[in-house]
Amino acid sequence: MQLTNELFFARVEEELGEGHTVQLRIKGGSMRPLLRSDRDRVVLTPYRPGEALRCGQIVLFRYRGQHILHRIVRIEGDRLILEGDGNYRRQEHCRVADVAAVMRRVIRPDGVEISCDSGRWRRMSRAWLMWPPIVRRYILALLYRLGYR
């Protein structure tokens with residue numbers, strides 16, 4: 001059975017609103033190469049108002065009627081600037097109140113779970129983000145041509 005994104009995320013928001021942890025399979029390529037579409041699952045916990053957010057965290061947020069899972073790149077008071085790891089020019093802006101959940105773990109197809117607070121995850125994230133956006137663009141293009149989607 002397939003659900004529209006609207007219905008699916010309404011249910012996700014309901015579960016998060018009740019304080020439950022939610023697990024989602026990644027769809028889309030905006031978080032490549034660290035998160036891959038139809039391969040990885042992520043574990044999300046509800047964002048609680050007042051909870052400290054930091055640059056580098058990946059959050060599920062509402063943006064122009066959609067739900068997006070992207071990384072916080074800058075915090076300016078109550079405003080967040082976010083972008084996907086695979087997006088080299090596009091950023092989203094939202095308020096902290098638009099954050100629905102915080103990503104806590106990644107589950108690979110072999111069942112290996114990586115905590116977002118682990119040194120391993122932070123090293124992988126830093127290694128990818130240290131490159132200037134234009135360099136990341138060319139790396140992604142090369143990976144795509146090599147079949148790494």
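Me: Is arginine 149 buried, partly exposed or exposed?
Reply: This is a predicted model. In it, arginine 149 counts as partly exposed, because its relative accessibility is 46%.

Me: Where is arginine 149 found, and which residues does it touch beyond its sequence neighbours?
Reply: Arginine 149 is in the segment after helix H3 (133-145). Not counting residues up to four places away in sequence, arginine 149 touches Arg32, Arg36 and Tyr144.

Me: How far apart are arginine 149 and glutamine 66?
Reply: They are 83 residues apart in sequence, and their C-alpha atoms are 23 Å apart in space.

Me: You mentioned Arg32. What kind of peptide bond joins arginine 32 and proline 33?
Reply: The bond is cis, with omega of about 5°. Proline 33 lies in the loop between strand S1 (22-25) and strand S2 (41-46). As background, most peptide bonds are trans.

Me: Which other residue is found in the loop between S1 and S2?
Reply: Aspartate 38 is found there. Its phi is near 60°, a positive value in a residue other than glycine. Aspartate 38 is partly exposed, as its relative accessible area is 48%.

Me: What is phi of arginine 64, and where is that residue found?
Reply: Phi of arginine 64 is near 50°, which is also positive in a residue other than glycine. Arginine 64 belongs to the loop between strand S3 (58-63) and strand S4 (66-76). With a relative accessible area of 73%, arginine 64 is exposed.

Me: Now aspartate 98, please. Is it buried or exposed?
Reply: Aspartate 98 counts as buried, because its relative accessibility is 16% and the cut-off for buried is under 20%. Its place is in the loop between strand S6 (92-95) and strand S7 (99-107).

Me: What is aspartate 98 in contact with?
Reply: Leaving aside neighbours within four places in sequence, aspartate 98 is in contact with Leu60, Phe61 and Arg62.

Me: On to cysteines. How many disulfides does the structure hold?
Reply: It holds zero disulfides.

Me: What is the radius of gyration of the protein, next to that of a compact globule?
Reply: The protein has 15 Å, which agrees with the value near 15 Å for a compact globule of 149 residues. Its C-alpha atoms fill a box of roughly 40 × 40 × 30 Å along the principal axes. Of the 149 residues, 38% count as buried.

Me: Last topic, charge. How many positive and negative side chains does the protein have?
Reply: There are 28 positive and 17 negative side chains, and the centres of the two sets lie 8 Å apart.

Notes
Residues are numbered from 1 along each chain as its sequence is written. This is a predicted model: local features need pLDDT of at least 70, side-chain atom pairs count only at pLDDT 80 or more; totals for chains, interfaces and linings use all residues. Side-chain values use heavy atoms; hydrogens and water are left out. The radius of gyration is taken over C-alpha atoms; the globule rule is 2.2 Å times the number of residues to the power 0.38. Buried means under 20% relative accessible area, exposed over 50%, partly exposed in between (1.4 Å probe, protein chains only). Lys and Arg count as positive and Asp and Glu as negative; His and the chain ends are not counted. The place of a charge is taken as NZ of Lys, CZ of Arg, CG of Asp or CD of Glu. A disulfide is a pair of cysteine sulfur atoms within 2.5 Å. Helices (H or I, at least four residues) and strands (E, at least two) are DSSP runs, numbered from the N terminus. Contact means heavy atoms within 4.5 Å.
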